[in-house]
Amino acid sequence: MTPVALMELAVVLPLVGAILIAAAGRNPNLREAVTLLTAVLLLAVVVGIVSAVLEGERPEVALIGFLPGVTIALSAEPLACVFAVVASLLWIVTSVYSIGYMRAHHEENQTRFYAFFAIAIAAAMGVAFSANLVTLFVFYEALTLSTFPLVGHAGTAEARNGARTYAGLLLAASFALMLPAIIATNQAAGTVTFAPGGILAGNISDSGAAIILALFVFGIAKAALMPLHRWLPAAMVAPTPVSALLHAVAVVKAGVFCILKVTLYIFGLDFLGDTGISVWLTYVAAATILIGSLIALTKDNLKARLAYSTVSQLSYIVLGAMLATGAGIIGGAMHIAMHAFGKITLFFCAGAILVASHKTEISDMHGLGRRMPFTFAAFLLASLSIIGLPPTGGSWSKWMLMLATADTGQLLLMGALMLSSLLSIAYLLPVAVVGFMAPAKSGDPGHDGTAAGIREAPLLCVAPLWLTAIGTLALFFFAEPIFAFLEPLVK
Amino acid sequence: MDFPGLFNYWIVIALMMIGFYIVISQGNLVKKIFGLNIFQVSVFVFYISMGKVEGGTAPILAPGFATYTNPIPSVLILTAIVVGVATMAVGLALVVRIRDAFGSIEDDEIAKLEGDVT
Amino acid sequence: MISVHQPILQIVLPLMAAPICVILRNAFAGWLLALLVTGGAFVASLILLVHVVNEGPVSYAIGGWPPPWGIEYRVDGLSAFVLVTVAAIGFLSMIFARRSVEAEVAADRGYLFYTMYLLCFTGLMGIPVTGDAFNLFVFLEISSLSSYVLISLGTDRRALTAAFRYLIMGTLGATFYVLGIGLLYMVTGTLNIADLAARVPEMTHIRTVQMALAFLTVGLGLKLALFPLHLWLPNAYAFAPTVVTVFLAATATKVAVYALIRIAYTMFGGPTMFAVMPIDEVLVGFGLLSMIVGALAAVWQTNVKRLLAFSSISQIGYMVLGLGLADVTGLAGAVVHIFNHAMIKAILFMAVGCIIFRIGSADLRDIRGFAKPMPITAACVVVGGLSLVGAPLTLGFITKWLLLQGALDRNWWWVAVVIVAASLLALVYVWRLIAAAYLHPPSERVAAVREAPAPMLLALVALTVATVVIAIDGSLIGDFAVVTAKQLLGSGE
């Protein structure tokens, strides 16, 4: 198949999957088989696109005329490929994990869950392969809307409130800030199509560009730059697989991916570097990194701690983009992949702990590691990746980002990154340490009333989290190809 | 522009304001309808007087007459009168129904009754 | 391709059918007749639209009297577009109507309901086709008088007072309109819109012409419920029978917007006139006020019908704003929004009709959780609501895009800020609707109901699917609107 057809397929396939899932709702086995099959096929499709891009192709296709002068169009380039591969690869793993989790947890409305999950992936693929800002916006909103039922899945008052904060903040920010920015871009440049080197340079005053940049960076609230990060912790009411794939990978990465896209293809690195309009945003990002880490330290609920860790880690990527240097962009793009594998593992572990022991608070997990050694070992490994220590993938992206701050002479920012790594040691390692080392609390009620009753989570939960944990290791050794793949972006 | 030359417009304005004032100030729904009618009539007068040509006669072809009044405004107003009558009929019919439903045709009393329901 | 008499067909048919309806004295027969007539009018207007788009405007001299002596019917792109919109909604409302009318209108008055409906339909179909300014007034009054009666048929006694207030306001508006036309006639000696269009733009400096525009704008402002002339609308929409609300909310105000576009642009030459008398800025100002005030009021409503009524006031503001922006994109935005809002409001009010039919209330607290027993209705509410907010892939997004672009074209960034603020308010009240549908467990009363009857659903789903399909390939309607706007601004055919 041609790369163009593959791109179209990447968006359509999960949608077809969603319809089939809905149709197969009465038969759980068939339904989950459809989910897995769709996920595998999607990965194959994405790999096909990547191989075309590797050969230097830049497929493009206009699908429908949408507005006068604007079309819904798809295109593929390395950045898009990274995001698409990460999302589609992890979808397979998450699907397996979901089956284990949802069955063990006896969740209701599982058909709705799988169907909307597939739609969300379709939207994520659309975001990845958008050829212009309007297409990006369309899929960005579709991603918000399709994940809304997933966040509110439990249907309790708490889930309702969380879902409201989630959708309300994301929608409001995109309408109030991002959409005006897109329209202002169209106004200034006469186009909204992504182009290497940017489209705004020379078409707009510096102050105008500064305003548009700020509207974009804050309007893309999925990147969770403070103060627009509140939705991310609120979304933690969702079932764990949702938190894992969407709030560690698809949704949040869509946010930072959009920011990278806008930086590269709307403003252009040279334009940003020359005007210096993005400097103040690097400080906002650095502040988010530090404040996010500090808040994570105070959280006892494991998922909440991970959520704030995500807030903090996302701003690494925003920081990389706003530095407007080659190393920053590549470091940011690599961090999309590195952080995805690390964070999804952590969330899987949190879910496995919940399924096996019904525990959500870290202070209740004393000695749990000895009962669930596989889960906690994976947790430790993934923690290393988030912290940025070898031999895990996270060390490379953090290294690149450090280099970028050094290139621009921003020693303050470099300090912030280092401090944040220390903080992440402080909030992640204790979880594993307490699990393995601390004596179990006496009289701790477990699954069947006694701590002794707690056993390792079901295989369908543990296998996926080990896969992703091994992924973080593999990324350490295979970082070079990714780097080479991304390098054309900034050449 | 001596005074009598434009006095028809003064009458129009006076009638219009009288009608408008009644619509706004009167609490009695029937009186409101009549005020509305006076308001409309002022526009009828406006049209008809505008079509009048000084020294002109009725627009019927007859020997010995060269100047005729413009007939079109009068014709238009025939239509407008029909509309006005229909409006009045619907309005008064509504007042009858309102009296059946609320037992009053005073605006303030009805407003009070409406408030009780909600 | 089309018959010579095509332009008048969709007016004469319903006008003749109305008295037949009275003679039939039977609600079912009346309904069937109305269904057939509106369906026929819909098909006829579609043919007309295709013809006009391909081959240019059509002119028809009534009774064989050539214009400007006789009354001319003139159909160009914009009027055919509005015509199709009205006819489509009119037809679908009739599909929807039967059960709803049975439930909400006394049985012995059923046939009269359809009579009035047909008359109202005649009036609203007449306004877009007529090429005569005074004839436009006649159609305006035909539609208004019949809508007063239709509104008064509501079950709540407050429908009567709502109709009465509408009658007072509507008649004042119509009288202002006649006065404005009279002033124009004094200066130009013609009532034919094409004739006026040729003469008026050269007379913009004359005080009488300026006064005429002021009277016409205020008169139509009352009809289209522009803030602060909107007071009649909320109660009228809230207490009228649902079918009437669907039809009027979707078409009546939109037709008034059409009339305002005709007058401000075709008759007065748009920008030429605005240069002398800045009506455009006045319209922008009141448009923005309408948008914000309407949306703010909507946020606080607990009755869904009233909520949507206030939302209408807000949405009218968008159209008037686009009109006032007086450039191609802004005007195109207004044209798209005429269609867009007609569709949205028809969908949402029909959905409310289904809810009232089954649950018997339109109060947000009573209908909580209705998505469970009525999933299709709820899904349509979501689509309509998203379009109202302007989510991408809906027509609302196209409107918003064009309006924002238009505002920036004129360098009025503060207008853009207000548009965004109004959209956010829309998000809030649409949210309340969707939350009521999905986020609450249904009460026993709600859980016990069934999905709405098939014909009602059919109309609702047909509209919803139509908006989605049209919105996905939005360039079709977008390009049409841009062409129309260019024609109105006189910059190229």
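Visitor: Where is C:Leu224 found?
Guide: In this model, which is predicted, C:Leu224 sits in the loop that runs between α8 (207–223) and α9 (233–239) of chain C.

Visitor: Why is C:Leu224 called buried?
Guide: The label requires 20 or more other C-beta atoms within 10 Å of the residue's own. C:Leu224 has 25 other C-beta atoms within 10 Å, and therefore it is buried.

Visitor: What makes a residue a contact of C:Leu224, and which residues does C:Leu224 touch?
Guide: The criterion is that the two C-beta atoms, placed from the backbone, lie within 7 Å. Leaving aside residues up to four places away in sequence, C:Leu224 touches C:Thr253, C:Ala256, C:Val257, C:Leu260 and C:Ile316. For another position in chain C, the C-alpha atoms of C:Leu224 and C:Leu179 are separated by 18 Å, the two residues being 45 apart along the chain.

Visitor: What share of the contacts in chain A joins residues at least 24 apart?
Guide: When contacts are counted between residues at least 6 apart in sequence, 80% of those in chain A join residues at least 24 apart.

Visitor: How do you know that the span of helix α2 of chain A agrees with its number of residues?
Guide: The expected span is 1.5 Å times one less than the number of residues. For the 27 residues of α2 (residues 28–54) of chain A this gives 39 Å, and because the end C-alpha atoms are 39 Å apart, the two agree. Just after α2(A), A:Gly56 takes a positive phi of about 95 degrees.

Visitor: Which residues touch the most other members of the largest nonpolar core?
Guide: A:Ala10 and A:Val318 do, in a core of 454 residues, to which helix α14 (residues 328–359) of chain C gives the largest share, 22 residues. Residues up to four places away in sequence being left out, the contacts of A:Ala10 include A:Leu42, A:Val45, A:Val46 and A:Ile49, as well as A:Phe129.

Visitor: How do you know that chain A and chain B do not touch?
Guide: A contact needs C-beta atoms within 7 Å, and chains A and B do not touch, with their nearest C-alpha atoms 30 Å apart. Of the 2 pairs of chains in contact, chains B and C share the most contacts.

Visitor: How many residues does each chain bring to the contact between B and C?
Guide: Chain B brings 26 residues and chain C brings 22. On the side of chain B, α3(B) gives the most, with 13 residues, and by class that side has 19 nonpolar, 4 polar and 3 charged residues.

Visitor: Which helix gives the most to the side of chain A that touches chain C?
Guide: Here 19 residues of chain A are in contact with 21 residues of chain C, and α6(A) gives the most to the chain A side, with 10 residues. That side divides into 13 nonpolar, 4 polar and 2 charged residues.

Note on methods
Residues numbered from 1 in each chain as written. Chains lettered and ligands numbered in written order. Predicted model: local features only at pLDDT ≥ 70, side-chain atom pairs only at ≥ 80, totals over all residues. Helix = DSSP H or I, 4+ residues; strand = E, 2+ residues; numbered from the N terminus. Nonpolar A, V, L, I, M, F, W, Y, C, P; charged D, E, K, R; others polar. Core = buried A, V, L, I, M, F, W, Y, C linked by C-beta atoms within 7 Å. Buried ≥ 20, exposed ≤ 12 C-beta atoms within 10 Å, placed from the backbone.
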